[in-house]
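Morning, everyone. Please look at the screen.

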Amino acid sequence: VSVLRGVDFGVELAAVLGEMEETQVQRRLDQLVTLAIVQMSDETVGRYSLHDLMREFGREKLEREEELAGRALKWYDDNANTFDNYLRPKYRRSIAEGLVSEWEQPLETIESALDAIAMNWFRVEHDNLTEAVNWAQDLGEHNIAVKLTANLGIFFQRRSLWNDWVTTNQVALKSARAIGDQHGIAQTMNNLGSVYQAQGKWDDAIDCYQQSLETKRAIGDQHGITQTMNNLGSVYQAQGKWD
C-alpha cells in the first residue's frame with residue numbers, strides 16, 4: 001500500500017493491491033497496527049494509513065510500482081463509475097429493480113439505500129479520489145483522469161465542493177488534450193460550465209458551454225450538442241436573456 005498517494009485506504013483496496021482475500025488482508029493489517037507499522041483511523045472505522053517515513057521506506061522496497069499504481073487507479077475508476085450510477089436516478093432505479101427479490105425491500109427503500117451507500121463511499125474516498133485524478137495524469141493514464149473526473153461531478157455538486165470540481169476538471173481537460181480525446185474535451189468543458197453555472201459565474205459558464213458546443217458539432221455528437229444547448233439555455237434563462 002506504500003504505492004498509494006492518497007491519505008488513507010480501506011481493506012478492499014489493500015486486498016486488490018496484494019491480490020489476497022479481504023479476510024487475510026484484515027488479519028495482516030491488524031498485526032501491522034499492533035506493531036505500529038500501520039495506523040488505524042480514529043475517525044472512520046476500517047480505514048488505515050502509513051506514517052510518511054514508513055511510506056517512503058515501503059516505496060524504496062517496491063517492485064512493479066507502475067503495475068500496482070495502475071491497479072489502484074483502476075480500482076478508484078471502476079468504483080467511482082459504479083457509485084456515480086447509484087447517484088443517477090435513471091440508473092439507480094434500474095439497479096434497484098434488480099435487487100428487489102434479493103433485498104426483499106420496497107423499491108424506494110432500495111433506491112434510498114443505494115444513494116446513501118454511494119454518497120458515503122465518495123465522502124470516505126473524497127481526498128483520495130481528487131489525488132487519484134492528479135496521479136493518473138502524472139502516470140500518463142489520461143483516459144482514467146478524464147473518466148474518473150466525470151464520475152465525481154454529481155458528488156461534488158451535491159456537497160457544493162466547487163474548488164475540487166473545478167480543479168479536477170482542469171486536470172481532466174489537460175489529459176483529454178494530451179491524447180486528443182475530442183469527446184473528453186467537449187464533455188469536460190461542458191462539466192466546467194456546469195460548475196460555473198452552479199456558482200452563478202454566468203460569463204465563465206457561457207464560455208465553457210460555447211467551447212464544448214463547438215467541439216461537439218465538429219465531431220457530430222448530436223446527443224452532446226443537445227445537452228450543451230440545454231445548459232446554455234438554462235444560463236440565459238437565469239439571466240433573463242429570453243431571445
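First, the ground rules. This is a predicted model, where local features need pLDDT of at least 70, side-chain atom pairs count only at pLDDT 80 or more, and totals for chains, interfaces and linings use all residues. Residues are numbered from 1 along each chain as its sequence is written, and side-chain values use heavy atoms, with hydrogens and water left out.

How many salt bridges does the structure hold? The count is 14. By salt bridge I mean a side-chain nitrogen of Lys or Arg within 4 Å of a carboxyl oxygen of Asp or Glu.

Start with Arg 5 and Asp 138. Their closest N and O atoms are 3.0 Å apart. Arg 5 sits in the segment before β1 (9-10) and Asp 138 in helix α7 (residues 107-138), so this pair ties together parts that are 133 residues apart in sequence.

Now exposure. Buried is under 20% relative accessible area, exposed is over 50%, and partly exposed is in between, with a 1.4 Å probe and protein chains only. Arg 5 has 31% relative accessibility, so Arg 5 counts as partly exposed. Asp 138 has 51%, so Asp 138 counts as exposed.

Next pair: Glu 125 and Arg 47, at 2.8 Å, N to O.

Glu 111 belongs to helix α7 and Arg 93 to helix α5 (residues 89-97), 18 residues apart. Glu 111 is buried at 11%. Arg 93 is partly exposed at 35%. Shared partners join Arg 92, Arg 93, Glu 111, Asp 115 and Arg 158 into one salt-bridge network.

On to the core. A nonpolar core is a set of buried Ala, Val, Leu, Ile, Met, Phe, Trp, Tyr and Cys residues joined through side-chain atoms within 4.5 Å. The largest one has 63 residues, and Leu 4, Tyr 76, Phe 122 and Trp 135 touch the most other members. Its largest share, twelve residues, comes from α7.

Notes:
Helices (H or I, at least four residues) and strands (E, at least two) are DSSP runs, numbered from the N terminus.
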